[in-house]
Amino acid sequence: MIELFPDSGIPVTWESVIAHSKKRFGHGFNRQMLGQKEWNGRKIIAETFSEAKTVQRRMQNDARPKYRNAQRSFLLNRITELEAKLVAKSDELEKVRAQKIDELDAFLNTPRDLRQMIERFATNMVQVDELTQKRNARKQAAKPTPANDGD
């Protein structure tokens, strides 16, 4: 019965041993009687109590954070979160990098007609020049001319 206390979450104290033995056996034995009772030359209850107490202490130490300082444990949790994000971002970066390499490979290995590329480039340059001309024309129209100021 005493061996099961730590696993059941029951605190291993003599008071709890006395209370549970009273429930189970109907008689409230005191601590001295329970601790001194021997069977075949061994104090089974006292030995079992000390083993259960050791197990309970070990379980409590395992349940505590590694660092008792709350700030340290918070920082360690934050570091763990950031490391997880870093791994996720690294995976995402690797996927994007692989996609870009595939696109570049497809671009480099696809046969292209050089004349069509030059025509496209020249056409794009003409459009840019037309846009620049239109912008300049608007600027000129918006500026007042010196001849109109004197009238």
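1. Confidence first: in this predicted model, helix α7 (residues 146-149) has the lowest mean pLDDT of the chain's elements, 57, while α5 has the highest, 88. Here pLDDT is the predictor's confidence in each residue, from 0 to 100. Across the chain the mean is 78, and 84% of the residues reach 70 or more.

2. A word on conventions. The model is predicted, so local features need pLDDT of at least 70 and side-chain atom pairs count only at pLDDT 80 or more, whereas totals for chains, interfaces and linings use all residues. Residues are numbered from 1 along each chain as its sequence is written, and side-chain values use heavy atoms, with hydrogens and water left out.

3. On to the fold: the chain has 7 helices and 0 strands (DSSP runs numbered from the N terminus, helices being H or I with at least four residues and strands E with at least two). Of the contacts with a separation of 6 or more, 39% join residues 24 or more positions apart; contact means heavy atoms within 4.5 Å.

4. Buried residues make up 10% of the 151 in the chain (buried is under 20% relative accessible area, exposed over 50%, partly exposed in between, with a 1.4 Å probe and protein chains only). The largest nonpolar core has 9 residues: I2, F5, V12, W14, V17, L34, I45, F49 and A52. Such a core is a set of buried Ala, Val, Leu, Ile, Met, Phe, Trp, Tyr and Cys residues joined through side-chain atoms within 4.5 Å. Two or more residues come from each of α2 (14-25) and α4, and α4 gives the largest share, 3 residues.

5. Two residues deserve a look here. Leaving aside neighbours within four places in sequence, A52 is in contact with I2, P6 and V12. T48, in helix α4 (residues 44-63), touches I2 and E3, not counting residues up to four places away in sequence. Why is T48 classed as buried? Because its relative accessible area is 14%.

6. Now the surface. L104, F107, L108, L114, M117 and I118 make a nonpolar patch of about 610 Å², and α5 (70-109) and α6 (114-142) are the elements that give two or more residues to this patch. Patch residues have over 30% relative accessible area and no salt bridge, with nonpolar side chains (Val, Leu, Ile, Met, Phe, Trp, Tyr) joined within 5 Å and like charges within 9 Å; a salt bridge puts a side-chain nitrogen of Lys or Arg within 4 Å of a carboxyl oxygen of Asp or Glu. L108, in helix α5, counts as exposed because its relative accessibility is 58%.

Conventions: Areas by Shrake-Rupley, 256 points an atom, 1.4 Å probe, with all protein chains shown as cover.
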